[in-house]
Amino acid sequence: VNKIDLFIGGIMCVGYSWFQDLMIATSQSGIMEIWNCINNQQLAQIANEKDVPINTFCMSKNDEVIYTGHQNQIIRCWNLKVEGGLVDTLYGHSDAITAVLLSHSNQYLYSASLDKSIRVWRLPDHSCLRTIQDSDLAIHCLCLTLDDFWLYASGGDGILRKYNVNQGFALVEKLKQHTDEVYSMVLNKRGNVLYTGSLDMSVKG
């Protein structure tokens, strides 16, 4: 077991890139660190706003661009090949960011927030195309099918929402799967089973 313990502050989110064997982690102290998993070498440490937690992040397929979602309502875009890294900041949400998700086509960025909304951002200009708000409680997690056709969302009310991306993000289904908040979801390899994890101590698929 390899242990990396040079972080400052509690770890909020960890991810792995198969493309270059990179491990990315973000912390409560507002620091993002990028490590080479082959030799455990730190490649970068990015600290843009001290003590503002980075709650979530996602990465482009080529490992060059990272989007981070912050406790202070903003989303930041980083390019690892640009000096300083930061290339844009996205504003629009009115509460902490809980999830960011890139479409498999790299045409859209999706974000969720404690403000109960999902926002759809066009890439690469980062214009906000749509705000989806049909939940009475916070949205905690997002998931896309591999063909980018269906967007799933869930959160504080335990309801799984299914949107048709190609029909203007029309809400096509609502399933009350859990009795408490849902904080995580993942699709299986075939993309035909969605698993959700909840504070009601259950995983359903």
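Modeller: Let us begin with a definition: two strands pair if at least two bridges are found between them. Please keep in mind that this is a predicted model.

Colleague: What makes strand S14 and strand S15 a pair?

Modeller: Strand S14 (residues 150-155) and strand S15 (residues 159-164) are joined by four bridges. The definition asks for at least two bridges, and therefore the two strands count as paired. They run antiparallel, and Leu-151 stands opposite Tyr-163 in S15.

Colleague: To which sheet do these strands belong, and what are its edge strands?

Modeller: They belong to an open sheet of four strands in the order S13-S14-S15-S16, with antiparallel pairing. Its edge strands are strand S13 (139-144) and strand S16 (170-176), each of which pairs on one side only. Neighbouring strands of this sheet are turned by 20° against each other on average, direction ignored.

Colleague: Which strands form the open sheet that includes S1?

Modeller: That open sheet has four strands in the order S1-S2-S3-S4, and the pairing is antiparallel. Strand S1 (11-17) and strand S4 (41-47) are the edge strands, each pairing on one side only. From one strand to the next, the twist averages 15°.

Colleague: How do you know that S3 and S4 are paired?

Modeller: Strand S3 (residues 31-36) and S4 are connected by six bridges in the antiparallel sense. Since at least two bridges are required, the pairing follows from the definition. Within this pair, Glu-33 stands opposite Gln-45 in S4.

Colleague: How many salt bridges does a search of the whole structure find?

Modeller: The search finds four salt bridges. One of them is formed by the side chains of Asp-125 and Arg-122.

Colleague: Why is the contact of Asp-125 and Arg-122 called a salt bridge?

Modeller: The N to O distance is 2.9 Å. The cut-off is a nitrogen of Lys or Arg within 4 Å of a carboxyl oxygen of Asp or Glu, so the contact qualifies. In general, side chains of opposite charge can pair when their charged atoms come close.

Colleague: Are Asp-125 and Arg-122 buried, exposed or in between?

Modeller: The relative accessibility is 43% for Asp-125 and 38% for Arg-122.

Colleague: What makes Arg-161 buried?

Modeller: Arg-161 has a relative accessible area of 2%. Buried means under 20%, and therefore Arg-161 is buried. Asp-134, with 31%, is partly exposed.

Colleague: Which salt bridges does Arg-161 form?

Modeller: Arg-161 forms a salt bridge with Asp-134, the closest N and O atoms being 3.2 Å apart. This pair links distant parts of the chain: Asp-134 lies in the loop between strand S12 (127-132) and S13, and Arg-161 lies in strand S15, 27 residues apart. Arg-161 also forms a salt bridge with Asp-157, where the closest N and O atoms are 2.9 Å apart. Through shared partners, Asp-134, Asp-157 and Arg-161 are joined into one network.

Colleague: Which residues form a nonpolar patch on the surface?

Modeller: The patch consists of Val-186, Tyr-195 and Val-203, with about 290 Å² of accessible area together. Val-186 is found in strand S17 (residues 182-187).

Note on methods:
Residues numbered from 1 in each chain as written. Predicted model: local features only at pLDDT ≥ 70, side-chain atom pairs only at ≥ 80, totals over all residues. Heavy atoms only, no water. Helix = DSSP H or I, 4+ residues; strand = E, 2+ residues; numbered from the N terminus. Axes fitted to C-alpha atoms, helices over the stretch in contact; angles between N-to-C directions. Patch = residues over 30% accessible without salt bridge, like charges linked within 9 Å, V, L, I, M, F, W, Y side chains within 5 Å. Areas by Shrake-Rupley, 256 points an atom, 1.4 Å probe, with all protein chains shown as cover. Buried < 20%, exposed > 50% of the residue type's maximum accessible area, 1.4 Å probe, protein only.
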